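Please open the model in your viewer and keep the selection panel at hand.

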Protein chains: 2
Amino acid sequence: MLTKSQIKLITSLKQKKFRLQHQLFVVEGTKVVQEFLNSDYELVEIFALDNRYACHKQKFTEVNLKELSKISGFSSPNNVLATFKIPAQKPIQWSALVVALDDVNDPGNLGTIIRLCDWFGIEDLVCSEATVDCYNPKVVQASMGSHSRVNISYVDLKDSLSSVSNCIGTFMDGSSIYDVQLPTSGVIILGNEANGISERVEALVTKRLSIPRFGKIKQTESLNVANATAIILSEFKRNLTET
Amino acid sequence: MLTKSQIKLITSLKQKKFRLQHQLFVVEGTKVVQEFLNSDYELVEIFALDNRYACHKQKFTEVNLKELSKISGFSSPNNVLATFKIPAQKPIQWSALVVALDDVNDPGNLGTIIRLCDWFGIEDLVCSEATVDCYNPKVVQASMGSHSRVNISYVDLKDSLSSVSNCIGTFMDGSSIYDVQLPTSGVIILGNEANGISERVEALVTKRLSIPRFGKIKQTESLNVANATAIILSEFKRNLTET
């Protein structure tokens, strides 16, 4: 049985200001909820159509489909919805290879980039303050649980990068990622979907790279930022396997 | 001034059966429409808020925002909407590097893969009959005009691939794409988002590849199919630059 105040709280968490106010976020679906349950994230409440989560005792509420629909962001709710505490930011390990996002807007792109960081063993993802919130429900779902294995921090990107010696950015006029010796540590910066890397961050870039384009007709303007991230991380990690 | 029959025809083109029946598809937005106008696609009608497309004479209709909203698939229509003829399928150049999709479902993924083929100079994209229709409006928009530079064919994939000697598929248990000598021609097969490559197509695969995973905790189940395509095409093309 769901109370009105539970419904009000959970549906409010679609908005960033209420996520910040309550320091909570929503996870949905059997698979993704399980990934968060297996992680260090702290469960607050869990609502499900059956009692397989009853081990969570007073945090667990069995609900029917009509109740689950009231709190779900899905058009067809998937068995289980849980709320977790937003954890405190952990220190960033700048000595490893780090990915930084300069105002990435699209929740699907951020979710996919989190999944890529997890795949390629990137432990720190550093986001500018204007990057879409990683606890946005669309980001949580697109990351498919990888969220729980990547340390995501929101920072003033210019301030944070100003003390980093190896700032790597991708630009149309950079050196080919296939031709240069890629460093084993540093920060790989990816820019906004429409505008790329901002001028204030570009000023800090020490290595300008590009992904070569092979099409005969040179009209393809750019790659999607998630695809660019995929190609760049693959290339950095391939280099590591050779050294 | 839009007629009722124009509105009915254009809105019907959201559905595949009507696109097939009329052999027409819809393109929206200044940038993407321009890419199609610059290509070999045959313009049928063009509707815009201003008269900059008046050079298309009787194919051009100036409309107001209310009229454009009636035919647009966007919540905020972007200046121009055009219909083009679905072209006849062109012959596939099997002697080059070809990408084949085995039942890719998501329009955004197909659009992104078309854009990647364009970027990496892949001229033929071969789709199984159950792959999402490339003239679906979401595919056309996601491909951002790359659509007009890649030859997309729908075929019985098993029949078509049965005479191809180099069928390359990606699997969790394949050889690392970083370690093997990649061929300069052949067909790179990508599978369905949930199920991967189907058994009937897998039986034809002559080279099993995988994208190595670097995360410490080996829980990331798979990469998104568009990201996998990005990484694989980058790796094939990088190899070509070295030979």
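Two residues are taken to be in contact if their C-beta atoms, placed from the backbone, lie within 7 Å. Helices (H or I, at least four residues) and strands (E, at least two) are DSSP runs, numbered from the N terminus. This is a predicted model, in which local features need pLDDT of at least 70 and side-chain atom pairs count only at pLDDT 80 or more, while totals for chains, interfaces and linings use all residues. Residues are numbered from 1 along each chain as its sequence is written, and chains are lettered from A and ligands numbered from 1 in the order in which they are written.

**A helix of chain B**

Select residues 30-37 of chain B, which form helix α3, and colour B:Val32, B:Val33 and B:Glu35, which are buried (20 or more other C-beta atoms lie within 10 Å of the residue's own; 12 or fewer make a residue exposed, and those in between are partly exposed, with C-beta atoms placed from the backbone). Seen down the axis of α3(B), these buried residues fall within an arc of 155°, so they line one face of the helix; the arc is that of the directions from the helix axis to the C-beta atoms.

**A loop for contrast**

Move to B:Ala203, in the loop between α8 (199-202) and β10 (207-210) of chain B. Is B:Ala203 buried or exposed? With 12 C-beta neighbours inside 10 Å, B:Ala203 counts as exposed.

**Chain A as a whole**

Show chain A, which has 9 helices and 10 strands and whose C-alpha trace spans about 60 × 40 × 35 Å along its principal axes. Of its 243 residues, 44% count as buried.

Next, centre on A:Ala100, which together with B:Ala100 touches the most other members of the largest nonpolar core, a set of 138 residues. Such a core consists of buried Ala, Val, Leu, Ile, Met, Phe, Trp, Tyr and Cys residues joined through C-beta atoms within 7 Å. Leaving aside neighbours within four places in sequence, the contacts of A:Ala100 include A:Val126, A:Leu157 and A:Ile188.

**The domains of chain A**

Colour domain 1 (4-85) and domain 2 (97-242) of chain A separately; the bounds come from an automatic or database domain assignment. Their C-alpha centres lie 30 Å apart, and the contact takes 14 residues from domain 1 and 8 residues from domain 2. On the side of domain 1 that touches domain 2, the elements giving two or more residues are α2 (16-22), β1 (24-28) and α3 (30-37) of chain A.

**Where the chains meet**

Finally, display both chains, whose contact takes 27 residues from chain B and 27 residues from chain A. On the side of chain B that touches chain A, select α5 (107-119) and α9 (225-242), the elements that give two or more residues; α9(B) gives the most, with 8 residues. Since 100% of the interface residues of chain B are also interface residues in chain A, the copies meet through the same surface. Chain B can be laid on chain A with an RMSD of 0.0 Å by a turn of 180° and a shift of 0.0 Å along the axis, the superposition being by least squares on the C-alpha atoms of residues with pLDDT of at least 70 in both. The two copies are thus related as by a two-fold rotation axis.
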